[in-house]
Amino acid sequence: MGDIKNESLKATAVQSTLSTQWLGRSYQYFADVGSTNDLLKEALAQEGEQRLAAGTVFLADHQNQGRGRLNRRWLAPAGSSLLLSALFRPDWPPEQAQWLTMLASLAAAEAVETVTNLIVSVKWPNDLVVRQKGGWHKFCGLLLEGNMGENGRLQSAVLGVGVNVNIPPAQMPEAVTPATSLLAVTGRPISRLALLADFLQRLETWYEAANNGHSPQPAWNRRLVTLGKRVQVSRSSGDWQVTGMVLGTDEWGRLQVQDESGKLHAIAAGDMTLQ
Ligand code: BTN
């Protein structure tokens, strides 16, 4: 076996490992960029008649402007992680956009379970977590940025995925949710190439199923870490918050929380903490 930590994610290595039909078939590797989401969005904004292929993937070994949700930073030492953005052209109604985050987190959870044997859960709305030292630790985040067409449908979407793969415990970035890496949990280096190939294959399969009307929501709900738990959900602007019990998510990925008075809230976006 080669040196897993120094494995290349350049186009030649990835293309010869991929088993997808269209996802990642157009692929660009960058050693160092600002943010793969920003780069792919710029490429999309500048495309002419030669349109960017659906399924285009930009991947970087390092980002110096990596972004998370709510304008948070996404930090990872060079060569330690999977940092990628993929382009979709769904033509879905806007309320279905959250399906992309849901199906991508399912694909990532399944790929991580296959490659590492860990058990992976979902933390609404866009995190993957594992149990470590009695608590939930985040190792993966998703950032979906969509464009609506003139017909009011989701014309294109850039899906950013960051997976902490081989970050040594001592180099774990500070984060709002306690962070970990697959190396830190399993105690061994994990092949980013194997994980990437498995993830893209599963993402393609989940996406095609969704495109044919198959909802990712039941499978996503089963992985929800807060199901039946008391949580507090707030908006970063701080203008509202809801405390109550999580009943699950609805078809469109909105968190269903029942407050003390018995009132049901369907929350599309926010920050959630376990009580
Ligand atoms: C979050 O947890 O808030 C989402 C994190 C998303 C990080 C990925 S890394 C690749 C892509 N490029 C970015 O700047 N962000 C996403």
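Which residues make a nonpolar surface patch of about 270 Å²? In this predicted model, the patch is formed by M245, L247 and L264. Of these residues, L264 belongs to strand β11, which spans residues 264–267.

For Q63, an N or O atom of the side chain is placed 2.9 Å from a nitrogen atom of the ligand. For R69, the backbone is involved: one of its polar atoms lies 2.6 Å from an oxygen atom of the ligand. For K138, a polar atom of the side chain is 2.6 Å from a ligand oxygen atom. The ligand taken alone exposes 410 Å², of which 97% is buried by the protein.

A further position considered was L103, which is part of helix α3, a helix running from residue 98 to residue 116. L103 is classed as buried because its relative accessibility is 0%, and the cut-off for this class is under 20%. When neighbours within four places in sequence are left aside, the residues in contact with L103 are W92, L203, W206, Y207, A210 and P216. The separation between L103 and N151 was also computed: the two residues are 48 residues apart in sequence, and their C-alpha atoms are 24 Å apart in space.

Methods: Residues are numbered from 1 along each chain as its sequence is written. This is a predicted model: local features need pLDDT of at least 70, side-chain atom pairs count only at pLDDT 80 or more; totals for chains, interfaces and linings use all residues. Side-chain values use heavy atoms; hydrogens and water are left out. Helices (H or I, at least four residues) and strands (E, at least two) are DSSP runs, numbered from the N terminus. Buried means under 20% relative accessible area, exposed over 50%, partly exposed in between (1.4 Å probe, protein chains only). Contact means heavy atoms within 4.5 Å. Patches are made of residues with over 30% relative accessible area and no salt bridge: like charges are joined within 9 Å, nonpolar side chains (Val, Leu, Ile, Met, Phe, Trp, Tyr) within 5 Å. Accessible areas come from the Shrake-Rupley method with a 1.4 Å probe; for residues, only the protein chains shown count as cover. A salt bridge is a side-chain nitrogen of Lys or Arg within 4 Å of a carboxyl oxygen of Asp or Glu. A polar contact is a pair of N or O atoms within 3.5 Å; within protein, one must be able to donate a hydrogen and the other to accept it, and residues adjacent in sequence count only if both atoms are side-chain atoms.
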